[in-house]
Amino acid sequence: MASRRRAGDSLKTDKKKKRKNKTRCEEAAELCSLVEDERVKKSAQEAWSQRTCHRHGDSLKSRFHRDLELDCHPFPHCIIKNFLASESFVESLQRELMDLNFHEKSNDLYKFKQSDDLKKRTEPHISGLRAALFGRFRSWLGEVLQVELEPIVDISCAKYEYTDVLLCHDDELEGRRVAFILYLVPPWQSSDGGTLDLYTTDSNFQPQSIVKSLVPSLNTLILFEVSPVSFHQVSEVLTQDKCRLSLSGWFHGPPLGRPPRHREPAVLRSPHLPRDETLLLEWVNPAYMDLSYQEQIQQEFEDSSEIQLKDFLKEEKFREVKEALRLTQIEWAKRGPPNKRCYEVASLGTLPQCVSACWELLSSEAFFLLLSNFTGLRLHYLCPADDDDAEEEESEDVRNAEATGSLTESPSANGSGEKELSTPVHCGELRRWSHGGYTLLHDAEAARAEYALDLVLPFCGADWQSEFGGFTCYVANEEDEELLTVYPEDNSLALVYRDKETLKFVKHVNHKSLSDSANANSSTRGAFYDFSFVYYE
């Protein structure tokens, strides 16, 4: 069409026509009457300003309107039912949103489908709602909160379908003051999943437990202040025949004050246990004891910094441990907080004898030496340091000493000016993964990242599938690209050497792990176990 227009033709007039068409096609969104009611606004303003008086969860909805509820437990949030006055507008809005292009979003924190930014969409009902939200309603909300909210438009559409989830987080990001969600869902029950779960926090502002779950409801708007305690999640969608459609975004304004971020104590590290190669000969597949094969493994590992050693334990030993892991004598404790991790860890004092012996194997001096032979890393004094790396390692030791407390004195501590060898150390857990388990990336982990060798030895059953989750992803710090994914596989020892710019997480174990076909031959349906160790030179 553009090629048919002569130079100098009335382009300006065309632009005016487009603007008029755009104005004509926008459908005005009529909001519920309570937004126009001065008495409701004053009551809401008073309730919000007095929120410390209602921190125990007293519902205020009976005070001023049946369609508006303001609750301050576990943090201030507001629920407005029948937010849009016109049912036909809601239906048309749903149709327009479902016609958008959606993109699969998946990382450590979430899995769902998201639309492009809706800031400039011209569909009549989308643009009409956007104008109402960031116009009249923003003004109303600013008066209720007694805060000057900025006219920044920040809104998108999300579709959550079977196994989609958004795990525990607080929404804090520069500029965000109030979060909102408008639900456009079919009839929905709590058994369908997809609830908005609100967490309590402890004295360190860390999330503890879910105390309120809000079930999505058509044409209901939920608001909450973004703060150091606004931890929430969208629980996993469990229904296979419904779509949880919603519009969400943030009103921007002056942020609430934030205390210093809580730092978890560093995990204690230990040197190896004094056990000789008798333990290796008892437990390890004889193929891996062959020196020429160890050289081959080392060459492959040095090329890629990772390897999986299949059938690592002797078959009878592996079966014995696998069966013992299901015994009720083992005491399991949940590890949190949920904004960082959610899985169970075994109490070492309650392990059956064979499981305890497997732990000793992975902690033994002989195993440290075997790992050195597999990887070329200096995890034993018999494995010499690379002269080319000596200067770099010395400076690295000095930097890590304060953070970990695991290294020896300074290089001149022996009075000779020669660098003393640091003692290789390790830490480990025996973990149980079940539906809902995960780990998340977080700032503290990135700040403490260092060179390390990760080891995972899974006991998961041959029918565990990658679509269940529970796999380990390695990513570059502050980048979305996955560098490596390690899937749990029975008796397959995974070794990964990571640097200071590499982080890892375990993907959320989803509802598919509980399906009738999943783990059909396992006595512990929907769960698996692994030994997870980290070794430091």
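In this briefing, Ala, Val, Leu, Ile, Met, Phe, Trp, Tyr, Cys and Pro count as nonpolar, Asp, Glu, Lys and Arg count as charged, and the others, Gly among them, count as polar. By these classes, the 3D structure above, which is a predicted model, has a second largest pocket whose lining holds 17 nonpolar, 9 polar and 15 charged residues.

**Confidence in the model**

- The protein has an average pLDDT of 87, and 84% of the residues reach a score of at least 70.
- Over residues 1–24 the pLDDT falls below 50, and this stretch makes 3 contacts in the model beyond near neighbours in sequence.
- Residues 397–419 also have a pLDDT below 50, although here the model shows 30 contacts beyond near neighbours in sequence.
- Where pLDDT is low, the predicted coordinates should not be read in detail.

**The second largest pocket**

- This pocket holds about 1,200 Å³ of space, and 41 residues line it, with Val267, Arg341, Glu445, Arg498 and Tyr536 lying nearest its centre.
- At least two lining residues are supplied by each of β15 (341–346), α11 (390–404), β16, α12 (443–448), β19 (472–476), β22 (502–506) and β23.
- Among the contributors to this lining, β22 gives the largest share, which amounts to 5 residues.

**The largest cavity**

- Searching the whole structure turns up 3 cavities of 30 Å³ or more, and the largest cavity contains about 100 Å³ of space.
- The lining of the largest cavity is made of 17 residues, and those nearest its centre are Val456, Pro458, Thr472, Val486 and Pro488.
- Two or more residues of this lining come from each of β16 (425–433), β18 (452–459) and β23 (528–536).
- Sorted by class, the lining of the largest cavity has 10 nonpolar, 4 polar and 3 charged residues.

- Asp192 is found in the loop that runs between β7 (176–183) and β8 (196–201).
- Asp192 counts as buried because its relative accessible area is 8%, and buried means under 20%.
- The side chain of Asp192 is joined to the side chain of Lys242 by a polar contact of 2.8 Å.
- Leaving aside residues up to four places away in sequence, Asp192 touches Pro187, Glu236, Val237, Leu238, Thr239 and Lys242.

Key
Residues numbered from 1 in each chain as written. Predicted model: local features only at pLDDT ≥ 70, side-chain atom pairs only at ≥ 80, totals over all residues. Heavy atoms only, no water. pLDDT = per-residue confidence, 0-100. Contact = heavy atoms within 4.5 Å. 1 Å grid on protein atoms, 1.4 Å probe; cavity = no way out; pocket = protein on both sides within 12 Å on 5 of 7 lines; lining within 4 Å. Points joined across faces, edges and corners; volume = space filled by probe spheres on them. Helix = DSSP H or I, 4+ residues; strand = E, 2+ residues; numbered from the N terminus. Buried < 20%, exposed > 50% of the residue type's maximum accessible area, 1.4 Å probe, protein only. Polar contact = N/O pair within 3.5 Å; in protein donor to acceptor, adjacent residues only side chain to side chain.
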